Amino acid sequence: LEIGKRAFMEFFSENALGRKRAFHSVQSMEQDVLDFGLSLFSAPEDATGVFTSGGSESILVAMKAARDAWRATHEGQARAALNLVMPVTGHPAHDKAAALMDVEIRRAPLKADCRVDVAEMEPLIDENTIAIVGSAPCFPHGVIDDIGALSELALRRGVWLHVDACVGGWIAPHLADIGRDTPPFDFRFEGVRSISADLHKFGFCPKPASTVFLRRSEDAARAAFVADQWTSGRFETSTLVGTRPAGSVAAAWAVLQHLGRKGYRDVAARLSEMVDGYVKGIEAIDGLRMVARPDATIINFTSDSVDMALVADGMLTRGWLPGMTRKPVGMHIMLSMFHSEAMGDYLADLQSSVDEARQAKGVEAKSSAVY
């Protein structure tokens, strides 16, 4: 935290838009960050990356590249209504991208393990599908979709596969490194065409900082925004935004240099111990069960005998900010190291809230699922 703050302030007034012409040190740091990610995600030689302001922008950049790749292979074809196929658990940032590009969203259901049902996804694909999506992990339930099966589907149907690893991208490989049973999701699968991964989540870098990686250099060109009609000459940005805070780049570079692979493995071990502690404590409370076994740091739990919205009400009155899921109705936490010292208090208050909800008769819950 301290290293990120200090590095950010060193480049507080610089503009990352000018990295190629004015601030060469910013360009150098940005490339180091992207190279770290390319190595982390088993990227092929021709792959490249883009440093963005957050997951929504990373996903938008990937979806623009996917749309333009579709157009490149359908030249001369009448502009039909395009579509994007993703799980019901896909992040709403895809909806943002679809709304901006006038693309229809088609949603596939889940299997019992809360991963997307790949067999149910295939019939949703047609000749106007620009991409399919898998999550690593999905935000609601904390599990990584079967990217291997999605890759096979993408190759068989000739469609772009985007992996939304905004939450897990910068930590899941390190969880695997320390021996956790963490499903792979990256470019080792030939069908994966792009990956989004947020530095400001489990890369532990200051906001705003995210990355998107593309298997082919030609796709990076498709992702870029270019205008060349005004009197000041060619205008090109690799991101949706123009001006970007160079402080984010410097801070991400400093944090990655400070932690390195060993540091991230150490953090992954501490996170794993904490996640296991929360899961064990929650399952020890009568009536509660996990919706799915977490693949990373997101947990989702529910009950077949207690109104979870009333449990959330109880946690709110005890000073917590409860996250919830809609289907099934449950509670949700994206655990970070900030949650470590709070575990004992949280579990004690959760037990009290469950006991209170079990005794409530005719009480209407106030809590609901809001992101």
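These exercises look at one helix and at the aromatic rings of the structure.

The model is predicted: local features need pLDDT of at least 70, side-chain atom pairs count only at pLDDT 80 or more, and totals for chains, interfaces and linings use all residues. Residues are numbered from 1 along each chain as its sequence is written, and side-chain values use heavy atoms, leaving out hydrogens and water.

**Exercise 1. Find which residues of helix H4 are buried, and where they lie around the axis.**

Step 1. Helices (H or I, at least four residues) and strands (E, at least two) are DSSP runs, numbered from the N terminus. Buried means under 20% relative accessible area, exposed over 50%, and partly exposed in between (1.4 Å probe, protein chains only).

Step 2. List the residues. H4 covers residues 93–101, and its buried residues are Ala-93, His-94, Ala-97, Ala-98 and Met-101.

Step 3. The arc is taken from the directions from the helix axis to the C-beta atoms. An α-helix has 3.6 residues a turn, so residues three or four places apart point the same way.

Step 4. Turn to the other side of H4. Lys-96, Ala-99 and Leu-100 are exposed there.

Step 5. Find the partners. The buried residues of H4 pack against helix H3 (55–72) and strands E2 (83–87), E3 (104–108), E4 (129–135) and E5 (160–164). Contact means heavy atoms within 4.5 Å.

Step 6. Step past the end. Asp-102 follows H4, and its phi is positive, near 55°.

**Exercise 2. Describe the aromatic pair of Phe-36 and Tyr-264.**

Step 1. Set the rule. Rings of Phe, Tyr and Trp (its six-membered ring) pair if their centres lie within 6.5 Å; planes under 30 degrees apart count as stacked, over 60 as edge-to-face and the rest as tilted. The count comes to 10 aromatic pairs.

Step 2. Read the geometry. Phe-36 and Tyr-264 are edge-to-face, 6.3 Å centre to centre, with 75° between the planes.

Step 3. Locate the rings. Phe-36 is in helix H2 (residues 24–40) and Tyr-264 in helix H9 (residues 246–283), so the pair ties together parts 228 residues apart in sequence.

Step 4. Check burial. Phe-36 is buried at 18% relative accessibility. Tyr-264 is buried at 0%.

Step 5. Widen the view. Ring pairs link Phe-36 and Tyr-264 into a cluster with Phe-41, Trp-170, Phe-185, Phe-202, Phe-204 and Phe-213.
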